[in-house]
Amino acid sequence: MADSPTTSRILRVGRANSDLRPVTLERGAVPYAEGSCVVSFGRTRVLCAASVESGVPGWKKGSGEGWVTAEYAMLPRATRTRVSRERSQVGGRTQEIQRLIGRSVRAMLDGFAFGEFTVKVDCDVLQADGGTRTAAITGACVAVEDAFAWMVATGRLPVSPVRRRVAAISVGIIDGEPRLDLDYEEDVRAGVDMNVVMSSEGRFVEVQGTGENGTFAREELNALLDLAVHGIGTLDGMQQQVLAQPLPMPV
């Protein structure tokens, strides 16, 4: 008997539950930025550009320390229907995501003793098909590492404060099955939805998990974390590969 519309399964075409979508990292995508990367997770595409600015927020002035922060936005036609730009006030979802990105890229550093500079990474969603925040973190890592490498190459710093990479991926339970790297159709149907951020040292930076329509067992949590560790390991290898190439200097 065929599934009814209310019980139809979301099927993956061409990939297993443990497979990532096709991922690309286009380093040096913005010629004027000190560091940049266009990251694609399937049809999700995010432009990440890191800018180096002299000075720090008021609460850090005089400390001799720097700061790293992030902003996130979705272009009006990144989605299937147009969304208005957030001009006068940033929405709650946007604030949550950009704070997550900021915390994640700050985890790349052992501290902020690199002088009173601010590295600001702008993450703009060009096309959204699920996993925009995890793609943004993965691309932002490349952009931030290049921004600090640029500071060293131009004599602003003697050594980069970056000590590790970070990457992120979504996992979830759809139709009772743990799946890696959810696209939009899977994300809206997920009974459990989770975003996981990890460092290249194999340590967790952040885990955000929600039982969207109920509860989930410890065994299911373990299965989701295992999938996330597997996926982030692949992403870290890709980051390492692209960052091994010569530094693309801004124009």
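## Starting point

Helices and strands here are DSSP runs, numbered from the N terminus, with a helix (H or I) needing at least four residues and a strand (E) at least two. With that in hand, the loop between β7 and α3 (184–189) is the stretch where Asp181 sits. The model you're looking at is predicted.

Most residues other than glycine have a negative phi. Is Asp181 buried or exposed? With 0% relative accessibility, Asp181 counts as buried, because the cut-off for buried is under 20%.

Asp181 also turns up on the contact list of Arg12, a residue in the segment before β1 (23–27). Setting aside neighbours within four places in sequence, Arg12 is in contact with Asn17, Ser18 and Asp19, and also with Arg179, Leu180, Asp181, Leu182 and Glu186. Two backbone oxygens take part in polar contacts with the Arg12 side chain: that of Asn17 lies 3.3 Å from one of its polar atoms, and that of Asp19 is reached at 3.5 Å. Arg12 comes out at 16% relative accessibility, so it counts as buried too.

How accessible is Asp175? Its relative accessible area is 25%, so Asp175 is classed as partly exposed.

## The sheet and the helices on it

Now for the strands. Five of them make an open sheet with mixed pairing, in the order β1-β2-β3-β5-β4. β1 and β4 (67–74) are the edge strands, each pairing on one side only. From one strand to the next, the twist averages 15°. Within the sheet, β3 (residues 44–54) and β5 (residues 117–127) run antiparallel to each other and pair over 10 bridges. If you want a spot to look at in that pairing, Glu53 stands opposite Thr118 in β5.

Which strands does α2 touch as it packs on the sheet? Its contacts take in β1, β2 (35–41), β3, β4 and β5, and its direction makes about 35° with that of β3. Helix α4 (residues 218–243) lies across β1 and β2, at about 25° to β1.

## The nonpolar core

The largest nonpolar core has 60 residues, and the members that touch the most other members are Ile101, Cys123 and Phe148. Helix α2 gives the most to this core, with 12 residues.

Phe148 is worth a click. Leaving out residues up to four places away in sequence, Phe148 touches Val68, Leu109, Phe114, Val119, Leu157, Ser160, Pro161 and Val162.

## The annotated binding site

An unreviewed UniProt entry lists Arg93, Gly131, Thr132 and Arg133 under "binding site". These residues spread over 41 residues of sequence, yet they cluster in space, with a largest C-alpha distance of 13.6 Å.

Arg93 is in helix α1 (residues 92–106), while Arg133 is in helix α2 (residues 132–153). Arg93 has a relative accessible area of 43%, so it is partly exposed; Arg133 has 14%, so it is buried. Not counting residues up to four places away in sequence, Arg93 touches Tyr72, Met74, Thr132 and Arg133. On the same terms, Arg133 touches Arg93, Glu96, Ile97, Leu100, Asn195 and Gln208. Which side chain makes a polar contact with the side chain of Arg133? That of Glu96 does, at 3.0 Å.

## The annotated domain

UniProt (again an unreviewed entry) places the feature "domain: Exoribonuclease phosphorolytic" at residues 20–147 and 166–229. Residues 20–147 are 24% helix and 33% strand, and their end C-alpha atoms are 27 Å apart. For residues 166–229, the figures are 28% helix and 45% strand, and the end C-alpha atoms lie 12 Å apart.

How values were computed:
Residues numbered from 1 in each chain as written. Predicted model: local features only at pLDDT ≥ 70, side-chain atom pairs only at ≥ 80, totals over all residues. Heavy atoms only, no water. UniProt positions renumbered as here; feature names shortened; annotations may be inferred. Buried < 20%, exposed > 50% of the residue type's maximum accessible area, 1.4 Å probe, protein only. Contact = heavy atoms within 4.5 Å. Polar contact = N/O pair within 3.5 Å; in protein donor to acceptor, adjacent residues only side chain to side chain. Core = buried A, V, L, I, M, F, W, Y, C linked by side-chain atoms within 4.5 Å. Pairing = 2+ DSSP bridges. Axes fitted to C-alpha atoms, helices over the stretch in contact; angles between N-to-C directions.
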